[in-house]
Amino acid sequence: MCGIVGYIGSKNAQEPILEGLTKLEYRGYDSAGISVINHQQLRTVKKVGKLNFLKNSLQQSPLEGKIGIGHTRWATHGIPSDVNSHPHLNNKGTISVVHNGIIENFLPLKEFLIKKGYEFLSDTDSEVIANLIDYYYEDSIESAVKNAVRDLEGAYALAVITTEEPDTLIGVRHESPLVIGLLDDGFMPASDIPALLAYTEKVKYLENGDIVVMTKNSIDIYDSENKKVERETKKIEWDLESASKEGFDHFMIKEIYEQPKVIKDAIRRKCVDGVLNLGDNTFSKEEWNSFESIYITACGTAFHAGEVGKIAIETWAKKQVQTEIASELKYYQPFIDEKTLLIVVSQSGETGDTLAAMREAKKKGAKVLAITNVVGSSIAREADKVLYCYAGPEISVASTKAYTTQLIALYALALDMAKKLGAMDEEKVQNWIAKMNNLSSTVEELLDSQGERYKKLADHIKDSKSIFFLGRGIDYLSAKEGALKLKEISYINSVAFPSGELKHGSIALIEDGTPVINIITQSNLVDKAISNIKEVKARGAFTVAIGDNNNDGIKEVSDVVIPIPLVDDILAPVISVLPQQLLAYETSVAIGNDVDKPRNLAKAVTVE
Ligand code: G6P
C-alpha cells in the first residue's frame with residue numbers, strides 16, 4: 001500500500017522524507033519518488049524498485065529545499081515503472097502531488113481534462129489529480145485543491161506542493177490515512193506514525209474529508225464542509241517496532257483486521273457508480289458465449305477461493321466449471337483447447353505451479369483470466385484479462401485478506417458472466433452487489449465482537465495431535481481453508497472432510513478429546529451437519545461449531561459454539577473463514593510459533 005511523507009520546515013526536506021519513507025517500507029511498495037522545491041524550482045526524482053535505488057540516485061545529486069513530498073507506490077493502476085511512480089506533476093511541471101488510494105472516477109476526469117488540452121504520461125489514476133488541481137488553479141493552491149477534491153470520488157490521501165506558493169504544503173485525508181506530525185520548526189504529513197517517530201512525538205490525527213494547509217509556522221485544518229476546525233494534538237505512545245505493525249503483534253492479525261476495508265475497496269473497484277462494471281478486465285458477451293469449457297486453477301489458499309468461485313459461477317451464470325490444483329493441471333489437460341477459458345487465482349501472481357499450468361494451457365490456445373493481488377506480476381502480464389484483488393500488500397505468509405478479496409473478485413466475475421450470458425437480469429445482479437456491499441460491515445462487526453474466545457479455545461486445542469474440520473457443500477470449501485490456515489502456522493495436523501465422508505474411514509482417527517471444528521452456514525444442510533457432529537461426539541470428539549448461535553440443535557451437540565451472522569449461502573465463506581483465521585492465529589501464538597513466517601513456507605513459491 002502506498003506511503004506518503006511530506007516535510008515543511010527549516011531544514012532540508014530530503015532527509016526526513018527519505019527517513020520517513022524507509023519507515024513505511026513495511027507497507028509494501030514497488031517504486032518510490034520525491035519532489036522538493038528550492039528557489040521556486042521543482043525537482044522530482046522517481047525510481048522503480050527498492051527505495052535504495054532512489055536513495056542512491058539522490059546521493060549522487062541531492063535535492064536542496066525546505067519543502068517536499070515523497071511516496072512509496074504499491075501499483076494499482078499501471079505497472080510498476082518510473083513514469084507511473086509518484087509524485088505526479090501537472091503538465092506545466094509546477095504542481096506536484098502524491099496520492100494514496102483509488103480515484104474511482106479517474107476515467108471521466110481524464111477524458112474531461114484531455115478535452116481541455118491536458119496530456120497524460122502515466123497509466124495512473126493519480127496523475128489526474130495534478131492536472132485537475134492545475135485546471136482549478138487561479139491564484140491559490142488552497143482553493144484549487146479544495147475545488148479539485150470536490151470532483152474526486154474514491155479513497156485518497158494527498159500531499160500537494162507548487163512552485164507558485166513554495167511556502168505552502170497541502171494535505172488531504174479522505175478514506176485513506178494521513179496524520180500530521182508537529183515539529184519544532186514545521187510539519188510532517190505522513191500515511192502512518194512510523195514515518196514520524198524519529199522526528200516528533202506530537203501528532204494530529206485527521207478526520208475524513210479534512211484538508212490541511214501548512215506553512216513553516218502555521219497549520220489550518222478545514223473539515224469536509226470547509227469549516228475551519230481544530231484537531232487535538234496527541235502524544236505518540238508507540239515504539240518503532242510495534243508501530244510498524246500498526247500496534248498489532250503480527251502482520252497476520254493486522255491483515256485479518258484489515259478485511260472490512262479491503263473487502264469494501266475490492267467491491268468498489270468492481271463497480272462504476274455502484275453498478276457492476278468490470279470494463280476491459282473481463283470478456284464480452286460474444287466471448288463468454290464462445291467458451292465451451294471453463295477451468296479454475298491455483299495453489300493453496302487461492303485454490304480454496306477458486307473452488308468457491310466455481311460454485312458462484314455455476315449457480316449464478318449456469319456454466320459448468322472444473323477446478324484443478326495448478327501443479328496437477330500442468331501435466332493433465334486433455335480437454336483444454338482454444339475454446340477453453342482458464343481462470344487462474346494467485347495472490348502473488350508469481351507462483352511457479354500456477355504460472356506453469358497457465359503457460360501450458362495458453363500453448364493449447366486457451367484464453368486466460370487472472371485474479372491476482374499484484375499489479376505487473378508475471379501472471380498479470382501473461383494473462384489475457386486481469387482482475388485485481390486490491391487487498392494491499394499481504395506480508396504474513398498465511399494468507400487472509402487476499403482470500404476474502406479473491407472471493408469478491410470471483411463473485412464479481414460470476415455476476416458479470418451471469419449478466420452477459422442472460423442467466424441473471426440487471427436488477428438481480430445489483431441485488432447481489434448490494435449484499436456484497438453489506439459484507440464489509442458484517443465482517444467488521446464479527447471481528448470486533450469476538451475478542452477473547454479464541455485465546456481460550458486455542459489454549460484448549462494447542463496440544464492436540466490432530467484436528468478435523470467438517471462442512472457440507474460450500475462449508476466444506478471454507479473448512480478446507482480453515483484447516484490449511486491452522487496447519488500452516490500451528491504445525492498441528494489439521495484436515496478438512498466433507499461432513500458426510502468422515503464416517504467412511506477417517507472417523508477411526510477420532511479419540512477422546514480430538515477437536516472437530518464444524519462449519520454450519522448452509523440453511524438446507526443444518527440438520528445433516530448436526531447428525532454428523534453427533535457421530536463424532538459419540539466417539540469422544542471435542543466439538544466446536546461455527547454457525548448460528550440461535551439454533552438449539554447446534555448448541556446441543558457442540559462443546560463450543562462460535563456465533564457468526566448468517567448471510568446468503570453463497571457469500572458465507574467470506575464470514576465463516578474469519579473465526580477460522582482467528583483460531584489459527586491464536587493457536588500459533590499460544591504455541592509460540594513464528595506466526596508471520598512459519599517454518600518451511602514462503603509467501604510466493606516461484607519454483608515448481
Ligand atoms: C504458497 C503460500 C500459500 C499460498 C500459495 C499460493 O504456498 O505459502 O499461503 O496460498 O503459495 O500463492 P499465490 O500467491 O499464488 O496465491
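Which residues have the most contacts inside the largest nonpolar core? Select Trp 316, Ile 343, Ile 371, Tyr 411, Leu 413, Leu 415 and Met 436. This core has 84 residues. A nonpolar core here is a set of buried Ala, Val, Leu, Ile, Met, Phe, Trp, Tyr and Cys residues joined through side-chain atoms within 4.5 Å; buried means under 20% relative accessible area, with a 1.4 Å probe and protein chains only.

The model is predicted: local features need pLDDT of at least 70, side-chain atom pairs count only at pLDDT 80 or more, and totals for chains, interfaces and linings use all residues. Residues are numbered from 1 along each chain as its sequence is written, and side-chain values use heavy atoms, without hydrogens and water.

Next, select helix 14, residues 401–420. Helix 14 gives the most to this core, with 12 residues. Helices are DSSP runs of H or I, at least four residues; strands are runs of E, at least two; both are numbered from the N terminus.

Now show Met 436. Leaving aside residues up to four places away in sequence, Met 436 touches Ile 267, Ile 408, Tyr 411, Ala 412, Leu 415 and Leu 571. Contact means heavy atoms within 4.5 Å.

Move to the open sheet of 5 strands, ordered 24-23-25-26-27 with parallel pairing. Two strands pair if DSSP finds at least two bridges between them. Strand 24 (493–498) and strand 27 (560–563) are at the edges; each has a single partner strand, so one side of each lacks a neighbour in the sheet.

Zoom in on strand 26, residues 542–547, which 4 bridges join to strand 27. Val 544 stands opposite Val 560 in strand 27.

Notes: Buried means under 20% relative accessible area, exposed over 50%, partly exposed in between (1.4 Å probe, protein chains only).
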